[in-house]
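Keep your viewer open and your selection tool ready. This tour goes stop by stop: select, look, move on.

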Amino acid sequence: MSKVVKLYKRTHTVFPNLRLLTPFRPKFSLLPHSLLTAKAQVSKMGIPEIPAKPSFPEEEERVLQFWKDIDAFQTSLKLAEGRPRFSFYDGPPFATGLPHYGHLLAGTIKDVVTRYAALTGHYVERRFGWDTHGLPVEHEIDKKLNITGPADVMAMGIDKYNAECRAIVMKYASEWESTVTRMGRWIDFKNDYKTLNLSFMESVWWVFKQLYDKDQVYRGFKIMPYSTGVTTPLSNFEANLNYKDVIDPAVVVSFPLLSDPSVAFLAWTTTPWTLPSNLALCVNPEFDYIKIKDHETGAVWILLEKRLDILYKDIKKAKFTVLEKLKGSSLKGVEYQPLFDYFADRKGKAFKVMTDTYVTDDSGTGIVHCAPAFGEDDYRVCTEHGIVTGEGDLPNPVDATGKFTAEITDYAGVFIKDADKQIQKDLKGRGRLIRQSQISHSYPFCWRSDTPLIYKAVPGWFVRVSTINDKLIKNNDQTYWVPDFIKEKRFHNWLENARDWNVSRNRYWGTPIPLWASDDYEEIVVVGSVEELRALSGCEELTDIHRDKIDHITIPSKQGKGALKRVPEVFDCWFESGSMPYAQQHYPFENKQKFESTFPADFIAEGVDQTRGWFYTLMVLSTHLFDKPPFKNVIVNGLVLASDGKKMSKRLKNYPDPNEVMHSYGADVLRLYLINSPAVRAENLRFREEGVKELVAKVFLPWYNAYRFFFAQLALLKKEHNIDFVYNPNMDLSGEQNVMDRWVLASTQTLIEFVRTEMAAYRLYTVTPRLLNLIDSLTNWYVRFNRKRLKGDNGPADAVQALNVLFEVLFTLAKMMAAFTPFIVETMYQNLKTCLPPSKEDTRSIHFLPFPEVKKEYFNDDIERAVSRMQTVIELGRFIRDQKTLPMKTPLRELIIINPDPQFHSDVKVLESYIIEELNIRTVTITAEEEKYGIKYKLIPDWKTLGGKLKKELPKVKNALPSVSQEAIKQYVKTQQLEVGGIVLGEGDLQVTRYFDDTANTSYHAHGTNEVLVIMDTSLDQSLIDEGLAREIINRVQRLRKEAGLQPTDEVLYYYKMVEDPSDELAKVLDGQREFLLKALKQPIEHLDQRKPDANIIFEKDQEVSNSKFLLSLVKA
């Protein structure tokens, strides 16, 4: 029994759930990437037989079952106990919607980083979280039950309303778990946290009490973005989430002076619905205003001199007379006639002109109409000028649903935006509407109900933020962001100008604000825990603290004010998610030491939209509580858009369903597509399904084929030499070892060092391309260039050496890719491990193994440089072949490599055989003799730079440049100085390019880089053509073997019969190239007449080469 079979049986006995793949049976598939479902089996020789055509999605399903069988995630955590902790916070999504590509992108980034942390020796707790309160939930219930405002909720009862909310909060939880798990993300759903849990809500109360006790909470009255769709104010960052281009009315209205009604101020507004609430006008004290007489109407108006274009399209042709010029400051206090009589009782105090520098001259009339309940500056200026005094002295005739109240008798019960047209009509009838037009502008909409926001005076509970701007900036400076410009610009600017945060919502389904107050709000008690509430109120034990369970509870007043009642508001759900670091641990009531030892978090990640959302609320609360940042490192991802650059839309169906993409191509390829995109550096990604498909063809299949090729060669080694391969991790690279072996090992170790450095800096966008580059190096360079060695053409000892190198790279690559593509590496590992010596550790899964350590003894800069130069030469040669449509199978006579550096010559000379083999060249010439081969130099000036530098002297250079000699140009390359037309040019003024002058010989063609130029002789003679056709025949044999599902160890006889062969072209090649064909195929190709009548035919099919057609028959030997 072989060592491999023994090892497999021993492994399978210890871990019976570990299954190797089952036999491949060719069959047709309709999968878009033409992959077939397949498993592998262990051959009679004890070597895994890897199928030629895998189905990556189906293999991933088997891996998921394997992980489930061995409880892989929890097992990995148990194995990591006692290691240093790496703390990670997962931002909670709402389960009222399905996961989209944005969630999958952020989830993949989180999984890659946390998996990598675990692989590099850390214990990484990963708990999923759910945002279960707030507008997203309530809005769904409002739509379901046709609830239009607070009265509907009160009629129904808060208890019944909250029960409806509770019933849907986890609506799509199973779909979330299914999709997240299918993506390969390891995160704990059983030990998740939910913002509706009593333990979470109690910690939120604790957070709030800390802020209240520090005098960082106050009851204020502020103009807030307000959603009439969900009848609650929004925070400023919520108001920025959903801007749309809209068309609104734009009107100019007259306000006659009380002292002289024949003269009127003109004000401009895009919100006619605010005009019934007008209490004042405002001008800029520093601006120049004018009083004009309009010749068409005879009216006299006052407006800003610079804004006449609001009245007249062509001011030069307009007919008006300027009667007087007025400084803005001189208009202060001038009274005017109210536009409506709804608040006429305020005459004397209101309806006068105020001054403030917030008034601008870039739009409108330079005179602003002020309705203090509906504009932040309106409210500020009106209070400063005594027009209103505060909360009890503010006309606010719009109810919670956006309808006018009974005070506005003409429009009572009408939705404000619907009243715009009627208000304009009424004003026009009264002669007060001077100009009427429309404006297209960007306007904020509610991010949840998609209705236009208004700005409205709202009483609420505010957390002070403007007082800690400096601390926020200081704490932000202690954090590390990828990309850094989000931290330094977007987030910094937001913190610098952050305003106080309204944390209250006039809603029902949320964590109640734990404040009990007297009717006059002069006595307020803040509660920080359930036990404290019980102690203060004497209530029974509480298992739920939602509104319907605690609103009836009162606390006796200590000031003789009767019973203190809970204030009606609940917390903004952003306050809850910002409290997540503490509340998920039920801190400080439980897990005190655990929390304090892992705070701040080592890592978080979310989308760029969270700079004004979760990132911000985390920072505000942690700064208030501990004067610390809440996290150390953060990766910010960009948005995932549809392929046309538009927002992904279920209605438009402009993107493929994520689950369908995983079903078709696999989760690994989707993960790699997302994290190898601009989105990992906060740029937008246009999602293209074709891009996912391309990754299968360009990365996964070549990688898989290299892995499959390895096992095929193990079987060949066993069959031909009876050698059982066992990996030797201690390779001797001293002496005359194969250059490509040393190169691929050096490249792999260099990459390990690079990945460790870059992952420590959270730069996934630099790591992923380099990992893909190693896959390319392995498949398209190492395996391709060493096929003959790996097949044993140079003898069994060299084959074992090459296979050991291939195994080293495959195994190391699998461990490096484990965090990025967890499924395919698991599949590969389960077969690769059969070549490993036994271990006492739990090695059932590749995800239990550590990330590779750097083997510095493998480093070799010289060889990496030499192979890089060889690759450049080969790529230049390939380019010429492609350009001249010369198939790689057709040999060419000569390749000339021109470079002046002796070291370059030496590097390429060592690898000359690979160049000959890969480019199918008979002779390679390496030289520094440029003139001999017609190489010339050309100067390319940067005219824009030179123009700015030389100005009038530039023509001298232009005229003299064509006459500069070749020697002078070469000298410039060395010295970076050149005199042209009497002007001395220096470094950067000119670029030098080399080119091949092919006028003398059209059969030579060249291509080059700044470092090297190659020239290829593209002329053909009959011997070259014949060899090329022979190589095509070899290719057809190999393709037919693959189509027949044959393994390299299968012994086969080859027969042919000509079907069409003009001029006997192919027959001559089969005869003249017999020795070449025999050497390549290790078996002659005989005429079909030589086939025995009873031959066991495996497969036969017509083949085409050049202009000929022949039947190729494969017969069992």
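**Stop 1: two cis prolines**

Start with Pro 483, which sits in the loop between strand 17 (480-482) and helix 14 (484-496). Helices here are DSSP runs of H or I with at least four residues, strands are runs of E with at least two, and both are numbered from the N terminus. Show the backbone from Val 482 to Pro 483: this peptide bond is cis, with omega near 0°. Most peptide bonds are trans, and most residues other than glycine have a negative phi.

A word on what you are viewing: this is a predicted model, in which local features need pLDDT of at least 70 and side-chain atom pairs count only at pLDDT 80 or more, while totals for chains, interfaces and linings use all residues. Residues are numbered from 1 along each chain as its sequence is written, and side-chain values use heavy atoms, with hydrogens and water left out.

Next, select Tyr 587 and Pro 588. A cis peptide bond joins them, with omega about 5°. Pro 588 lies in the loop between helix 18 (580-583) and helix 19.

**Stop 2: the whole chain**

Zoom out. The C-alpha trace spans about 115 × 85 × 55 Å along its principal axes. Count 37 helices and 40 strands. Of the 1117 residues, 56% are buried. Buried means under 20% relative accessible area, exposed means over 50%, and partly exposed is in between (1.4 Å probe, protein chains only). Among contacts with a separation of 6 or more, 75% join residues 24 or more positions apart. A contact means heavy atoms within 4.5 Å.

Colour by domain, using these bounds:

- domain 1: 79-208 + 578-674
- domain 2: 246-447
- domain 3: 514-568
- domain 4: 686-858
- domain 5: 870-1017
- domain 6: 1032-1116

The bounds come from an automatic or database domain assignment. Now find the centres of domain 1 and domain 5, taken over C-alpha atoms: they are 56 Å apart.

**Stop 3**

Select Phe 189 in strand 4 (residues 188-194). Is Phe 189 buried or exposed? Its relative accessible area is 10%, so Phe 189 counts as buried. Show its contacts beyond four places in sequence: Phe 128, Trp 130, Trp 176, Glu 177, Val 180 and Thr 181. Then draw a distance to Lys 332, 143 residues apart along the chain: the C-alpha atoms are separated by 64 Å.

Move to Thr 598, in the loop between helix 19 (592-597) and strand 25 (604-607). Thr 598 is buried, at 15% relative accessible area. Leaving aside neighbours within four places in sequence, Thr 598 contacts Arg 85, Ser 87 and Tyr 89.

**Stop 4: Leu 810 and its helices**

Select Leu 810 in helix 27 (residues 796-817). Leu 810 is buried, with a relative accessible area of 1%. What does Leu 810 touch, not counting residues up to four places away in sequence? Ala 706, Tyr 707, Phe 710, Leu 778 and Leu 832.

Two packed helices are described by the angle between their axes and the distance between the axes. Axes are lines fitted to C-alpha atoms, for helices over the stretch in contact, and angles run from 0 to 180 degrees between N-to-C directions.

Helix 23 and helix 27 pack at about 150°, with axes 11 Å apart. That makes the pair roughly antiparallel (angles over 145 degrees count as such; under 35 is roughly parallel, 65 to 115 roughly perpendicular, the rest oblique). The contact includes Ala 706, Tyr 707 and Phe 710 of helix 23, and Leu 810 of helix 27.

Helix 27 and helix 28 pack at about 145°, with axes 9 Å apart. The contact is made by Phe 807, Leu 810, Phe 811, Ala 814 and Met 817 of helix 27 and Pro 822, Val 825, Tyr 829 and Leu 832 of helix 28.

**Stop 5: two positive phi angles**

Select Ala 682, in the loop between helix 22 (667-675) and strand 28 (685-686). Ala 682 is not a glycine, yet its phi is positive, about 70°. Ala 682 counts as buried, at 15% relative accessibility.

Finish at Lys 1082, in the loop between helix 37 (1074-1081) and strand 38 (1085-1087). Its phi is also positive, about 60°. Lys 1082 is partly exposed, with a relative accessible area of 48%.
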